Each structure stands twice: as structure tokens, then as C-alpha cells.
Amino acid sequence: MQIFRGFHHPGIAPRCALTIGNFDGVHRGHQAMLALLRSEAQHRGVPSCVMTFEPHPRDYFAAVQRKPELAPARIATLRDKLAELARCGVDQCVVLKFGPQLSSLSPESFISEVLVQGLGARYVLVGDDFRFGAKRAGDYRMLDEAGSRHGFDVARMNSYEVHGLRVSSSAVRDALGRGDMAGAAALLGRPYAISGHVVHGRKLGRELGFKTLNLRFAHWKPAASGIFAVHVHGLSPQPIEGVANLGIRPSLDPSDVNGGRVLLETFCLDWPPELGAEGGYGKIIRVELLHKLHDELRYDGLDALKAGIARDCDAARAFFASTHAETRRQTTRDRI
């Protein structure tokens, strides 16, 4: 998948089949929409294209109004969103900076300057609640009428449901906020995961006997937080079982090397010996958050923190043991 920051690039295809949205999480509803987009693109002989925004428009307006509580919790980093779009077979993605210029564009200007002149859209697919332009004044009817004038087709996709529940980014956020990782996975069509480069921390974990792999979560407000049993991908051919803390680490000094930013700190229950003591730094890993153990806790001192981590490791091992036992029972039933 080709990725473009803005649409003023010579490498962007002169014509495309386009869909527009934030695509936070790239959940099963998004996946169904992208499958339809790819089909329509193939019929027209043009590439499929996703237009998305960074920051999230609601992040921008929350900052402008100085009301951080209006910003939505973030499901995925931009990196993970782009990776999932690529997995869905999208040909190109245009990431637009959402700021004063874009937010002030009238619906008519957005259509003419971005869709027609910028991207040469031949087909535009939107969701059933799609709004666009300054003050969200543009709607599906306006877009459809503009398509007739400018020569592009417009289609609208209805809501996607799983077991009677409308699949949406809000529903995924709610599941993650409750710690319902199985529910989030059902909406996403895969376990919830965070990926990135392993970065250096203050190396307190190794002093405590629990060396961690640290990933930065770029947004200040992750949809999930707490302590989780996890699978780590990218260090060995098979996933490694572990326990992870996603959050701000309330027991540590906020002035530490990571500046109080949100981190995903993962301890591998069995560290691959071939990696050596420093083998994780700089590697790109993906951490699947499979089961929430509890919320973040504040510990009084390093001894209490060490004991708490040990309890979390025991709880994670118990979770994986029960999971393996259930898998064996299911396999036996299947054979019978």
C-alpha cells in the first residue's frame, strides 16, 4: 500500500475509487466497506484509496475548545491503522492533517478541491452517518448530487452488525474500556494489538528482575489500559506469552525518561535466549492484549511493585494454562 501525507504528490494515481473516514481500529464494519471498495475499484480499473485524518477531527476540536474530555479514546496508533488498511488490500492511503485549513473548507470546496481536483475520484463510498465540510454541513445527498455534476459515482453502506450489535469504533472503545477483550476481538475480527519499535526506558524492570519491552502509544488517551495477559509477536517464530502494563505507570516518577507518556511495557514469561540481554531494542513487535487482569495500581515502594508484578505473572500463567486446557478439550471433541 502506498501512503501519502496530503494529496499534492505526483505518485498519487490520477483516478481512484475512494472511501473517507477515521478508520480507528479498522473493525469488521470497516473491513466490509473496504472489501466493497476493492471490488468497485477493480470493476472500474482504478486503484482503491482510503482518505483518513491525523489527528482525529474530534481531537482537534477538543484542543481548540480546551476541553480534552471531548477527545475520543484512541483504539489504534496511526502505524497500526495503516498496517490494518494494508492487510485489507487497499492500494493507497492519503493521510490529511486535520487542522484549521481543512476544518474550514465548505462542503462544496471539499468536493471540488479534494475529491475532484486532488484525487480524481471516480467512485466514492461512505458510511450511513457520513458528514463532511465545515460544521459538518455536507451529507450523503449533497455528495450524491455533486457526483452527478462532477462525474463520479456515490454509494452508501449501511451499518454492519455482529450478533445484533452495530459494529463501530465507539462499540470497540466501550469494550476495551470495560476490559472485555473477547468482545473487542469479536468486533475487530482479531485480537486487539499494539505494535511498534521497542524503545529504551529507565531499565527499572531489569533491576526488579522483570525486564520489559517498551512500546510508546502515541496518543495520550488509549481506549484500553491496565494489566493484561498478552502474546508477543516478532521476537521468535511462535508467539511468546507475557504480561503487560498499558498506561502511565502510577508507581513511577512522572519525570522518568519517557516523560510520563503512555507506554505498553511487556514482560515475556519466557525470554528467547537467542536474543541475548539487549536483543529486543529496535525490533518491531506486535503485542496482542488477550485478557485483562486488572486496572493499573499504585504501589508503595519498589518491593511492593516487585511483588505485584510477580502476582501478575502468576495470574497470566494461570490464564494461559486454562486457555491451553480448553484448546485441548476442544481438539478432543473435534476428533470425536
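Visitor: How many disulfides does a search of the whole structure find?

Guide: The search finds 0 disulfides, a disulfide being a pair of cysteine sulfur atoms within 2.5 Å. This is a predicted model, in which local features need pLDDT of at least 70 and side-chain atom pairs count only at pLDDT 80 or more, while totals for chains, interfaces and linings use all residues. Residues are numbered from 1 along each chain as its sequence is written, and side-chain values use heavy atoms, with hydrogens and water left out.

For Cys 88, the closest cysteine sulfur belongs to Cys 93 and lies 11 Å away, which is too far for a bond. Cys 93 is likewise in no disulfide, and the cysteine sulfur nearest to it, that of Cys 49, is 7.0 Å away. Cys 88 has a relative accessible area of 17% and is therefore buried; buried means under 20%, exposed over 50% and partly exposed in between, with a 1.4 Å probe and protein chains only. Cys 93 also counts as buried, because its relative accessibility is 0%.

Helices (H or I, at least four residues) and strands (E, at least two) are DSSP runs, numbered from the N terminus. Strands of a sheet pair through backbone hydrogen bonds, in a parallel or an antiparallel sense; here two strands count as paired if DSSP finds at least two bridges between them. Strand β1 (residues 2–5) pairs with β4 in the parallel sense over 4 bridges, and Arg 5 stands opposite Val 95 in β4. Strand β3 pairs with β4 over 6 bridges, in the parallel sense. Val 95 is the bridge partner of Thr 52 in that pairing.

Strand β3 spans 48–54, and the loop between it and α2 (57–64) holds Pro 55. The peptide bond from Glu 54 to Pro 55 is cis, with omega near 0°.

A further sheet is open and antiparallel, with 6 strands in the order β9-β14-β11-β12-β13-β10. Its edge strands, each pairing on one side only, are β9 (193–197) and β10 (213–216). From one strand to the next the twist averages 35°. Angles run from 0 to 180 degrees between N-to-C directions, and axes are lines fitted to C-alpha atoms, for helices over the stretch in contact. Within the sheet, β12 (residues 240–247) and β13 (residues 263–268) pair over 6 antiparallel bridges, and Gly 247 stands opposite Leu 263 in β13. Helix α3 (residues 78–87) packs on this sheet and touches β9 and β14 (284–294), its direction making about 110° with that of β9; contact means heavy atoms within 4.5 Å.

The aromatic residues complete the picture. A pair of aromatic rings is described by the distance of the centres and the angle of the planes. Rings of Phe, Tyr and Trp (its six-membered ring) pair if their centres lie within 6.5 Å; planes under 30 degrees apart count as stacked, over 60 as edge-to-face and the rest as tilted. The count by this rule is 8 aromatic pairs. One of them joins Phe 110 and Phe 132, tilted, at 5.8 Å centre to centre with 45° between the planes. Phe 110 belongs to helix α5 (residues 107–118) and Phe 132 to the loop between β5 (121–127) and α6 (140–150), so placed that the pair links distant parts of the chain, 22 residues apart. Phe 110 and Phe 132 are both buried. Phe 210 and Phe 267 have ring centres 5.2 Å apart and planes at 80°, so their pair is edge-to-face. Because Phe 210 lies in the loop between α9 (204–208) and β10 while Phe 267 lies in strand β13, this pair ties together parts 57 residues apart in sequence. Phe 210 counts as buried at 13% relative accessibility, as does Phe 267 at 14%. Elsewhere, ring pairs link Phe 53, Tyr 60, Phe 61 and Phe 98 into a cluster.
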